[in-house]
Amino acid sequence: MTVILETLLLLLEPATLAIILVAVVLGIILGAIPGLSGGLGVALMLPVTFGMAPHLGMAMLVAIWIGGVSGGMIGSILLGIPGSPSAIATTFDGYPMTRNGEAVKALGAAITASFLGTALSIIIAMLLSPVMARMALKMGPWEYFSLGFCAIALVAALSRGNIFQGMAAAGLGLLLSTVGFAPIDGYPRFTFDLIYLGSGIDLIALMLGLFALKQIVSDHAKGPQPMPDVDISTIRGFGVSFREYVDNSWNIIRSFMIGLWIGFLPGMGAALSNLVAYAQAKSSSRHPEKFGKGCVDGVFASETSNNASVGGSLIPMVALGIPGDGVTAILLGGLMIHGIQAGPLLFTNNPGIVYTLFLAALIAATLVLFVQFFGMRLFPAILKIPYHYLYPTIVVLGFVGVFVGSSTAFNYVLLLSFAAFGLLMDKTRLPVGPFILAFILGPMLELNLRRGITYVEDGHLAFFTRPISALLLLLACLSIILPYLSPWLKARRAQRKDAA
């Protein structure tokens, strides 16, 4: 409790609070603008944290993330264009409500649902993470290797497109993670006698190239996106009655649980949870015919679930060192920049950082609530920010960021190379999620694989004879095989029904 109070007082210092507020506003802006996202903001600000105190840097990154997830609903409701994939389902009823003259009610429902989803999920993450960390301390290198392998397999299996493309992307991430000196014997690998590659691929250059520069080039190639005008004269208050909150109480609780659970699973997250929660809300509604025509229930379901996935994805990241999605992978990189290793020992070695992540998220969620309530009239103006001001700013920040982190111009080469690599991945439909996850987890996988083999005589067998390790490996294999078995099993069931 003392650590929590000390961390809270540290975050409530005026300068820190001001940085969190600015980060929240930046996240909302990036989340609201179609094509950009809070994740891009987190990647962009990652090198800035290099010169900051760890608690301040991580609080800023978390605030951008929270603002970005919540800000995605602005474009969905006012323009019918989701600011980010996490707000796709908000478009289904949010935009029809705007066209029906109920923009205020849609925005009010989305703002309150966002706050409830984020705040409650963070509180649950605070309570569950220490329990999971204590359980994780009983695991050995065999279980850690299997856990990391299982996470990569799940992400690859759930990637868009062919599962082989997901596995190929994960393989490329693992291959790049081996660049540099080997973790135990120090043997140089793929360094090509370049001292810049001795410690491996620079994480900041990779993140900024793949997420920021590639996104800017890709968006610029699509040309300017026309934005329709929005009438802001009717925006007053939240616009949602107490009766409507009561009527949607079970809808909110159910969507919250869906978002929390999906956020907890590696590779899923807000982009999936909002669609699942919306479908569930529609299927169990007493008036499903109203969905898609401007039903506030759909907005509650979508915005509660996508924000609840925030807390869900923080649990495996903090307790196990396994990122739940792309943004938490970048946050994990932020911890690594400061020499902090996420995982079960984080609660013992750096408890202040753990509670910085949780408390900064709670403060950011509260600030998002106030900023969005008082700033609803400004939302249409945010969507009108000319891209020719945004793009050069982001590009310049990217180049400055990679130099500040390492003080070497070699990282410019890496930045441009990974931007080109990201475009190539888009062209070949290789998903970025498995690639990033494998790159982040690669060193941990290799280290625990080597430890597991050398700790006992039958090192190879121990991965399959220890129950938890064997269960995780089995789950990984099933996640890869089941997508191919499912159609065959369905066909068999259909044949049996026909025969009966």
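Q: How many helices and strands does the protein chain have?
A: There are 22 helices and 2 strands in the protein chain. Those are DSSP runs, with helices being H or I of at least four residues and strands being E of at least two, numbered from the N terminus. Heads up: this is a predicted model, where local features need pLDDT of at least 70 and side-chain atom pairs count only at pLDDT 80 or more, while totals for chains, interfaces and linings use all residues. Residues are numbered from 1 along each chain as its sequence is written, and side-chain values use heavy atoms, leaving out hydrogens and water.

Q: Ok, what share of the 500 residues is buried?
A: 54% of them. Buried means under 20% relative accessible area, exposed is over 50%, and partly exposed is in between (1.4 Å probe, protein chains only).

Q: And which residues touch the most other members in the largest nonpolar core?
A: Ile20, Phe358 and Ile436, out of 133 residues in that core. A nonpolar core is a set of buried Ala, Val, Leu, Ile, Met, Phe, Trp, Tyr and Cys residues joined through side-chain atoms within 4.5 Å. Another core, of 6 residues, lies apart from it, and Tyr278 and Cys295 are among them.

Q: Switching topic: how many disulfides?
A: The count is 0, where a disulfide is a pair of cysteine sulfur atoms within 2.5 Å.
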